[in-house]
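Work through the following exercises with the sequence and the coordinates at hand.

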Amino acid sequence: MSRLSASPASPAPQGRTGRPPVTSRAEILVAARRIIDEDGWEKLTIRRLAAEAGIGATTLYHHIRNKDDLVVLLLNHHVGQIERPELPGEPRERIVTAATALRDALAAWPWAAEVLSADGFVGLLDESAMWMVEAVVAGAEGSGCTVEQSIDVFRNIWFYTVGEVLVRARSARRQAAGEPFAYRDDLDTSQVPHLAAIGTRWGPQVARDIYPVGLRAFVDALLAEAASANRSGTG
């Protein structure tokens with residue numbers, strides 16, 4: 001790994017007194033992660049990162065071309081820190097295990113779900129960071145899905161997983177800020193009778209973690225639909 005040294009023409013910025021300048025790309029990524037964890041993804045800029053790292057922006061560009069490059073490096077670094085679970089041999093369980101690992105990884109760093117919430121994100125990752133995607137696709141193919149169906153299985157699971165992560169992260173932020181969503185107990189029974197009957201009971205229900213149950217049901221349905229399409233020749 002290449003090393004860099006602080007520029008003598010760039011004095012350490014205020015707020016970092018006593019902290020030595022970073023000297024490697026790995027330390028730069030740690031500094032970027034610190035900014036995100038403390039202030040949010042929106043506050044991460046090259047200028048802010050250089051200040052946090054205690055080096056000049058010109059020096060920083062020796063390791064990072066731009067913010068998009070930084071995003072890719074951060075994602076690969078984050079995935080690389082995740083402990084891989086032992087993947088079952090049974091294809092369906094392989095899908096469930098990999099998808100659960102994906103959810104847990106994103107839940108630990110929700111901003112990554114926002115960055116990756118566009119098709120084509122797989123192309124951003126290093127091969128070593130693609131193991132969760134690989135496991136889902138392999139599990140789908142092992143369950144009898146065609147290549148096209150396997151891609152669809154992953155994308156559907158991805159949509160379900162990202163939605164889960166983003167909704168819970170947003171809810172947690174509002175809760176921490178003292179602004180939780182309210183659940184009404186004054187709904188008009190003539191307009192929405194079922195919701196009126198539920199009332200404020202909605203809150204405790206949505207706080208429960210039902211991702212594992214929903215995931216298994218979703219995977220079963222996706223594989224069953226693919227098998228049915230293959231039997232009928234429409235897959």
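**Exercise 1: a tryptophan pair**

In this predicted model, W109 has a relative accessible area of 3% and is therefore buried. Determine whether W111 is buried or exposed, and classify the geometry of the two rings.

Solution. W111 has a relative accessible area of 7%, so this residue is buried. The ring centres of W109 and W111 lie 4.7 Å apart with the planes at 90°, and because an angle over 60 degrees counts as edge-to-face, the pair is edge-to-face.

**Exercise 2: a tyrosine pair**

Classify the aromatic pair formed by Y160 and Y211, and state where in the chain its two members sit.

Solution. Y160, at 26% relative accessibility, counts as partly exposed, whereas Y211, at 0%, counts as buried. Together with F218, these two tyrosines form one aromatic cluster.

**Exercise 3: the packing of two helices**

Describe how helix α8 and helix α11 are oriented towards each other, and what kinds of residues make their contact.

Solution. Helix α8 (residues 147-176) and helix α11 (residues 211-232) pack at an angle of about 160°, their axes being 11 Å apart. Angles over 145 degrees count as roughly antiparallel, and α8 and α11 are therefore roughly antiparallel to each other; their crossing is right-handed. The contact includes Y160 and I157 of α8 and Y211 and F218 of α11, and its residues divide into 11 nonpolar, five polar and one charged.

Note on methods: Residues are numbered from 1 along each chain as its sequence is written. This is a predicted model: local features need pLDDT of at least 70, side-chain atom pairs count only at pLDDT 80 or more; totals for chains, interfaces and linings use all residues. Side-chain values use heavy atoms; hydrogens and water are left out. Axes are lines fitted to C-alpha atoms, for helices over the stretch in contact, and angles run from 0 to 180 degrees between N-to-C directions. Helices (H or I, at least four residues) and strands (E, at least two) are DSSP runs, numbered from the N terminus. Angles under 35 degrees count as roughly parallel, over 145 as roughly antiparallel, 65 to 115 as roughly perpendicular and the rest as oblique. A crossing is left-handed if the near helix is turned anticlockwise from the far one by less than a right angle, and right-handed if clockwise. Contact means heavy atoms within 4.5 Å. Ala, Val, Leu, Ile, Met, Phe, Trp, Tyr, Cys and Pro count as nonpolar, Asp, Glu, Lys and Arg as charged, and the others, Gly among them, as polar. Rings of Phe, Tyr and Trp (its six-membered ring) pair if their centres lie within 6.5 Å; planes under 30 degrees apart count as stacked, over 60 as edge-to-face and the rest as tilted. Buried means under 20% relative accessible area, exposed over 50%, partly exposed in between (1.4 Å probe, protein chains only).
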